[in-house]
Amino acid sequence: MFGSFVGAFKPSLVSFGGRAWRIPWRLSKTRKANVRKRLREVDNVIDTLLASGVDCKQLDLVKVLPKEQEMLPRDKYTTFSRTAKNHRKGVHKVPHFTKRPIPRTTPSGF
């Protein structure tokens, strides 16, 4: 009776914290395209600020970061994680990854 009404509350194993079915194993093509789009939009804002002649310390720090075209796919779609096996974690596994900036560089040695 209630099996068809609980689609949004689908149970999953407790060992996965109940989140196993919500986070996909890999990024889909559209999610990757959206990540690239957000990176390009940030690049456009930075270029606009540089062209306008605004001068500030944070803008000087951002100038040296690579643009979306210069980044490796590994840096676009994964982020550094101390706890992951290879010290890399898919960007889609980071909470609120669409709202937070994707780090464009990795710590040295990783």
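Start with the second largest pocket of this predicted model: its lining divides into four nonpolar, three polar and four charged residues (nonpolar is Ala, Val, Leu, Ile, Met, Phe, Trp, Tyr, Cys and Pro; charged is Asp, Glu, Lys and Arg; polar is the others, Gly among them). A pocket here is an open set of points on a 1 Å grid over the protein atoms alone, where a 1.4 Å probe fits, with protein on both sides within 12 Å along at least five of seven lines; lining residues have an atom within 4 Å of a point. Residues are numbered from 1 along each chain as its sequence is written, local features need pLDDT of at least 70, side-chain atom pairs count only at pLDDT 80 or more, and totals for chains, interfaces and linings use all residues. Side-chain values use heavy atoms, with hydrogens and water left out.

Select Trp 25, Arg 26, Tyr 77 and His 92, which are among the lining residues. Helix H3 (73–77) gives the most to this lining, with three residues; helices are DSSP runs of H or I, at least four residues, and strands are runs of E, at least two.

Next, select Glu 68. Its side chain meets Arg 40 in a salt bridge at 3.8 Å, N to O (side-chain nitrogen of Lys or Arg within 4 Å of a carboxyl oxygen of Asp or Glu). Arg 40 is in helix H1 and Glu 68 in the loop between H2 and H3, 28 residues apart.

Finally, select Arg 88 and Asp 75, a salt bridge at 3.4 Å. Arg 88 lies in strand S2 and Asp 75 in helix H3, so the pair ties together parts 13 residues apart in sequence.
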